[in-house]
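Here are a few friendly notes to read alongside the model.

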Amino acid sequence: MTDFDPASFANVGPKEFAQLVKSTPDDKIAQVMSGDLRGKILGEVFGRMPALFRADRAGSTNAVIHWVITGRADGGSDTYEVVIADGKCDVNETPQHDPKLSLTMGPVEFLKIVSGGANPVMMFMTGKLKAKGDLGLAANIANLFDIPKA
């Protein structure tokens, strides 16, 4: 991708987003995710989660999941809260509840997971994804969402 436009990450649909992540080198993704567009991209991804949630697959799942994405330019991380309850999925930009599961990963790994370009279980086994709490929920989380494949 010679004419990579970082702004395009936040302005495409789920399938195009997955394709963009797949075709962009990791170092470019890391560069974009440590810049000004990080908040917009994270906001877009988390903003889509309720629409991609599969209530039919969730059953009686009630859980609070904290997604901790490291790699901010200031060395910090961003934490988003996903609440699954009563067949619904809600997202909070600021955590408000104790999590049943916390997932910690870098920005490249996060974008690969949410775009269907990575296997979360393999990332956990190789240490690229850290999970604390309900590991059964962690293993099943991808099944709760319609993750677009590139």
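1. Start with what covers the buried residues of helix H1: the cover includes helix H2 (26-32), helix H3 (38-52) and helix H5 (107-114). Do keep in mind as you look that this is a predicted model.

2. Which residues of H1 are buried? In this helix, which runs over residues 14-23, they are Phe-17, Ala-18, Leu-20 and Val-21. Looking down the axis of H1, you will find these buried residues within an arc of 160 degrees, so they line one face of the helix. Lys-15 and Lys-22 sit on the other side of H1, where they are exposed.

3. Now step back to the whole chain. The protein has seven helices and five strands, and along the sequence they follow the pattern α-α-α-α-β-β-β-β-α-α-β-α.

4. What about the overall dimensions? The C-alpha trace spans about 45 × 30 × 30 Å along its principal axes. A compact globule of 150 residues would have a radius of gyration near 15 Å, and the protein agrees because its value is 15 Å.

5. Of the 150 residues, 39% are buried. The protein exposes about 7800 Å², and carbon and sulfur atoms supply 51% of that area.

6. Contacts deserve a look too. Taking those between residues at least 6 apart in sequence, 67% join residues at least 24 apart.

Notes:
Residues numbered from 1 in each chain as written. Predicted model: local features only at pLDDT ≥ 70, side-chain atom pairs only at ≥ 80, totals over all residues. Heavy atoms only, no water. Helix = DSSP H or I, 4+ residues; strand = E, 2+ residues; numbered from the N terminus. Rg over C-alpha atoms; globule rule 2.2 N^0.38 Å. Buried < 20%, exposed > 50% of the residue type's maximum accessible area, 1.4 Å probe, protein only. Contact = heavy atoms within 4.5 Å. Areas by Shrake-Rupley, 256 points an atom, 1.4 Å probe, with all protein chains shown as cover. Arc of directions from axis to C-beta.
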